[in-house]
Amino acid sequence: MGDCSFRDLFRARPLDGVLNLAGYDPTWTPAAPSKSDAKDAVEGALAERLFDAHELLYASKERSVLLVLQGLDCSGKNGTIKHVVISMNPAGVRTASFKVPSEAEREQHFLQRYRERLPEPGQLAVFDRSHYEDVIVPLVHTDLDEDGIRHRIDEINDFERELHDRGTEMVKCLLHISFDEQRDRFLRRLRRDDKRWKFSEADVDTRRQWNEFQASYGMVAGMTSPDHAPWYVIPADHKWYRNWAIANLLIEVLDAMGLAYPQPELDIERLRARLESPN
């Protein structure tokens with residue numbers, strides 16, 4: 001796409017520490033080719049480029065990547081894994097889906113279960129939902145007071161600085177979906193036998209607090225988007241565009257890491273001679 005920088009294109013731009021999601025259009029499709037060309041690219045050329053870029057990460061074993069997929073229900077977290085992450089070598093990918101914490105997890109520090117699923121050097125880890133749930137949801141439900149929220153945000157910022165300092169590149173994607181599109185996807189989910197199992201009536205209750213969740217996402221993202229771990233707002237009303245955008249974003253991030261294949265000290269000529277020898 002020429003000189004287009006996907007990191008600049010989707011970079012969240014908080015104002016006074018708050019990200020106003022009302023200023024981001026979930027139907028926006030900047031820099032995209034046609035829908036059919038974008039879908040072909042995700043399955044073809046982009047998939048190959050993403051595989052090669054990830055293979056370099058996997059081979060080098062120098063650094064790691066953490067892809068955070070955060071968004072409301074039906075925003076496309078699973079779809080991104082199914083259509084984009086699948087392009088990478090599964091040996092170098094670690095995926096974790098975080099649900100409501102168990103009783104045992106509630107007794108731990110809230111970051112502990114996320115620390116246990118971090119990528120090793122050479123890996124790309126995907127968090128389907130993430131440590132941000134432990135601030136966004138309590139903020140909406142008023143389970144924590146202002147000091148408690150602030151303390152968790154400070155801990156998250158320290159946690160992500162720690163990851164950056166040890167060589168983990170963070171790609172935090174806020175999948176931004178509209179109220180109407182979410183409703184349509186819920187209705188399609190109810191109609192389909194193979195999708196109905198995903199539906200929960202609690203999803204309808206969450207929609208009643210749509211504005212509160214939008215405000216919570218905006219506040220939390222606005223306070224946790226430093227240069228070393230920025231948020232990217234991905235328009236998610238069009239599934240084909242969401243996949244195309246995240247594939248391009250990941251390729252750009254991986255390429256910018258400047259990794260190189262390891263070059264072991266081998267006597268190439270001697271090894272070639274041994275392989276070509278009949279004995």
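At what angle do helix α7 (residues 133–141) and helix α11 (residues 210–222) pack, and how far apart are their axes? The two helices pack at an angle of about 135 degrees, with their axes 9 Å apart. That makes α7 oblique to α11.

This report describes a predicted model, in which local features need pLDDT of at least 70 and side-chain atom pairs count only at pLDDT 80 or more, while totals for chains, interfaces and linings use all residues. Residues are numbered from 1 along each chain as its sequence is written, and side-chain values use heavy atoms, with hydrogens and water left out.

## Terms for elements and angles

Helices (H or I, at least four residues) and strands (E, at least two) are DSSP runs, numbered from the N terminus. Axes are lines fitted to C-alpha atoms, for helices over the stretch in contact, and angles run from 0 to 180 degrees between N-to-C directions. Angles under 35 degrees count as roughly parallel, over 145 as roughly antiparallel, 65 to 115 as roughly perpendicular and the rest as oblique.

## The sheet

Five strands form an open sheet in the order β2-β3-β1-β4-β5, and the pairing is parallel; two strands pair if DSSP finds at least two bridges between them. Strands β2 (93–97) and β5 (231–235) stand at the edges, each with a single partner strand, so one side of each is left without a neighbour in the sheet. From one strand to the next, the twist averages 20 degrees.

| Strand pair | Bridges | Residues opposite each other |
| β1 and β3 (residues 124–128) | five | leucine 66 and alanine 125 |
| β2 and β3 | five | valine 93 and leucine 124 |

Strand β1 (residues 64–70) has seven of its seven residues buried, so it is largely enclosed by the rest of the structure. Here, buried means under 20% relative accessible area, exposed over 50%, and partly exposed in between (1.4 Å probe, protein chains only). In a regular strand the side chains alternate between the two faces of the sheet. In β1, Ser64, Leu66, Val68 and Gln70 point one way, whereas Val65, Leu67 and Leu69 point the other way, and all are buried.

Helix α8 (residues 146–165) lies across β1 and β4, and runs at about 135 degrees to β4.

## Helix α7 and its two partners

Two packed helices are described by the angle between their axes and the distance between the axes.

Helix α7 passes α11 in a right-handed crossing, and α7 passes α8 in a left-handed crossing.

Contact means heavy atoms within 4.5 Å. Towards α11, residues Glu133, Val135, Ile136, Val137, Leu139, Val140 and His141 of α7 meet Glu212, Phe213, Ser216, Tyr217, Met219 and Val220. By class, this contact of α7 with α11 has nine nonpolar, two polar and two charged residues. Ala, Val, Leu, Ile, Met, Phe, Trp, Tyr, Cys and Pro count as nonpolar, Asp, Glu, Lys and Arg as charged, and the others, Gly among them, as polar.

Towards α8, residues Asp134, Val135, Pro138 and Leu139 of α7 meet Ile149, Arg152, Ile153 and Ile156. The contact of α7 with α8 has six nonpolar, no polar and two charged residues.

Valine 135 lies in α7 and is buried, with a relative accessible area of 0%. Not counting residues up to four places away in sequence, valine 135 touches Ile149, Arg152, Ile153, Ile156, Ser216 and Val220. The C-alpha atoms of valine 135 and methionine 219 are separated by 10 Å, although the two residues are 84 residues apart along the chain.

## Individual residues in loops and in helix α2

Alanine 31 lies in the loop between α1 (6–10) and α2. Its phi is near 65 degrees, a positive value in a residue other than glycine, and alanine 31 counts as partly exposed at 33% relative accessibility. Arginine 129, in the loop between β3 and α7, also is not a glycine and has a positive phi of about 70 degrees. At 18% relative accessibility, arginine 129 counts as buried.

Lysine 35 is found in helix α2 (residues 35–43) and is partly exposed, with a relative accessible area of 48%. From C-alpha to C-alpha, lysine 35 and serine 178 are 19 Å apart in space, and they are 143 residues apart in sequence.

Methods:
Left-handed = near helix turned anticlockwise from the far one by under 90°.
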